[in-house]
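Welcome to this short tour. Please open the structure in your viewer and keep the selection tool at hand.

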Amino acid sequence: MIEAQGLRKTFTTRSRKGTQTVEAVRGVDLDVEKGEIFGVLGPNGAGKTTTIRMLSTLITPDAGTAVIAGHDLRKDPAAIRRELGYVSQAGGVEDTTSARAQIMMAARIHSVDDPKGATAGVLERFDLAEIADRPGRTLSGGQKRRVAIAIGLVHNPPLLFLDEPTTGLDPQNRANLWERIRQLREAGTSVLLSTHYLDEADVLCDRLMIVDHGLVVAEGTPAALKREVSGDVITLRVNELERAAETLKPHARETRVDEDVLRVYVDDGEHTLPALLRALEEQGLALTSIALDRSTLDDVFLAKTGRTLRDAGAAA
Ligand SMILES: Nc1ncnc2c1ncn2[C@@H]1O[C@H](COP(=O)(O)OP(=O)(O)OP(=O)(O)O)[C@@H](O)[C@H]1O
């Protein structure tokens with residue numbers, strides 16, 4: 001559905017303080033299969049929105065090629081536009097017009113054969129029939145998101161771009177939207193979504209790429225990515241972190257000091273734990289807490305970039 005190579009985009013802004021250049025995307029390859037949910041996971045400013053905007057023909061890449069739904073991005077952007085739905089981060093639901101009118105307008109813009117019928121169809125599908133005639137400003141955050149997606153989908157495109165679809169939603173609304181996105185996949189729609197939520201990428205995406213500073217740092221299914229880093233991670237709080245790391249190295253695939261904790265990556269946490277505890281005791285190291293977890297996508301990010309996605313997000 002999407003095959004892209006070497007996408008790059010640099011922004012130059014001029015202000016009174018001078019010229020500023022940002023290399024937002026620095027060479028991204030991407031391969032999205034038909035009928036899958038593909039995620040672009042990364043911290044704030046990683047280049048997710050810029051990548052999606054290039055693929056959805058809203059901005060032109062400085063370099064790189066892409067074939068989307070069988071059409072060349074440079075030669076035939078108009079054909080691509082007919083094949084896709086795009087829901088921006090902000091959502092694009094107007095305050096004063098009703099959901100029905102906004103969806104109908106989108107249907108007309110896309111020259112849908114029966115705009116009224118198509119609008120009624122997506123309103124039904126997204127559980128919006130009851131609130132369809134209320135102005136946008138009276139809708140809840142979750143309802144607004146669903147209206148935004150209905151606007152992006154009313155022409156029934158085979159490919160849907162969702163830029164951070166669940167940002168700002170409460171857990172219940174997020175889970176509800178995930179279910180609807182899965183239903184789209186069941187109906188054959190390919191979905192490319194960006195997110196900075198680890199759990200969203202993990203439970204929703206069939207495959208994903210992790211981006212940081214405009215580059216792809218890892219790509220694969222969530223399970224394969226986590227397997228690649230290692231089986232389990234043991235997080236320890238101990239009085240001398242560096243000495244503990246040295247002590248535990250022979251028992252681990254990798255050890256890493258991360259602020260005030262030591263992370264120890266092992267194949268089989270349950271069976272390694274007793275040996276780790278013995279080794280610490282022999283060295284007279286005092287343990288204050290210990291936790292055993294399966295590795296997460298944050299561990300993948302940490303392994304590839306040297307910092308956690310949470311820290312990267314906070315720093316951006
Ligand atoms: N139109 C623009 N002009 C100048 N700089 C831009 C523009 N659009 C994006 N950037 C910069 O490019 C970098 C990547 O931004 P982008 O919006 O693609 O990141 P993102 O991963 O989507 O982040 P977020 O999760 O915060 O939305 C950022 O440093 C951003 O400030």
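What percentage of the 316 residues in the chain do buried residues make up? They make up 40%, where buried means that 20 or more other C-beta atoms lie within 10 Å of the residue's own, exposed means 12 or fewer, partly exposed is in between, and C-beta atoms are placed from the backbone.

A word on what you are looking at. This is a predicted model, in which local features need pLDDT of at least 70 and side-chain atom pairs count only at pLDDT 80 or more, while totals for chains, interfaces and linings use all residues. Residues are numbered from 1 along each chain as its sequence is written.

**The whole chain**

Show the cartoon first. The chain has twelve helices and 14 strands; these are DSSP runs numbered from the N terminus, with helices being H or I of at least four residues and strands E of at least two. Along the principal axes, the C-alpha atoms fill a box of roughly 75 × 45 × 40 Å. Take the contacts between residues at least 6 apart in sequence: 71% of them join residues at least 24 apart. Two residues are in contact here if their C-beta atoms, placed from the backbone, lie within 7 Å.

**The ligand and α1**

Now select the ligand and its surroundings. There are 14 residues around the ligand, and F11, A24, K48, T49 and T50 come nearest; a residue is near if its C-beta atom, placed from the backbone, lies within 6 Å of the molecule. Elements giving two or more residues to this shell are β1 (2-15), β2 (18-32) and α1 (48-55). Which of them gives the largest share? That is α1, with three residues.

Colour the shell by class and you will find four nonpolar, nine polar and one charged residues. In this scheme Ala, Val, Leu, Ile, Met, Phe, Trp, Tyr, Cys and Pro are nonpolar, Asp, Glu, Lys and Arg are charged, and the others, Gly among them, are polar.

Stay with α1. Eight of its eight residues are buried, so α1 is largely enclosed by the rest of the structure. Select K48, T49, T50, T51, I52, R53, M54 and L55 to see these buried residues. Just after α1, T57 takes a positive phi of about 70 degrees.

**Two helix pairs**

Next, pick α3 (residues 99-109) and α5 (residues 141-153). Their axes come within 8 Å and cross at roughly 25 degrees; axes are lines fitted to C-alpha atoms over the stretch in contact, and angles run from 0 to 180 degrees between N-to-C directions. The helices α3 and α5 are therefore roughly parallel, a label for angles under 35 degrees, with over 145 roughly antiparallel, 65 to 115 roughly perpendicular and the rest oblique. In α3, A99, Q102, I103 and A106 make the contact, and in α5, V147, A150 and I151 do. Six of these contact residues are nonpolar, one is polar and none is charged.

Move on to α9 (residues 241-248) and α10 (residues 269-282), which pack at an angle of about 125 degrees with their axes 10 Å apart. That makes α9 oblique to α10. Here A244, T247 and L248 of α9 meet L276, A279 and L280 of α10. By class, this contact has five nonpolar, one polar and no charged residues.

**Last stop: V203**

Finally, select V203 in helix α7 (residues 198-204). Is V203 buried or exposed? V203 counts as exposed, because it has 12 C-beta neighbours inside 10 Å. Draw a C-alpha to C-alpha distance from V203 to P157: they are 46 residues apart in sequence and 24 Å apart in space.
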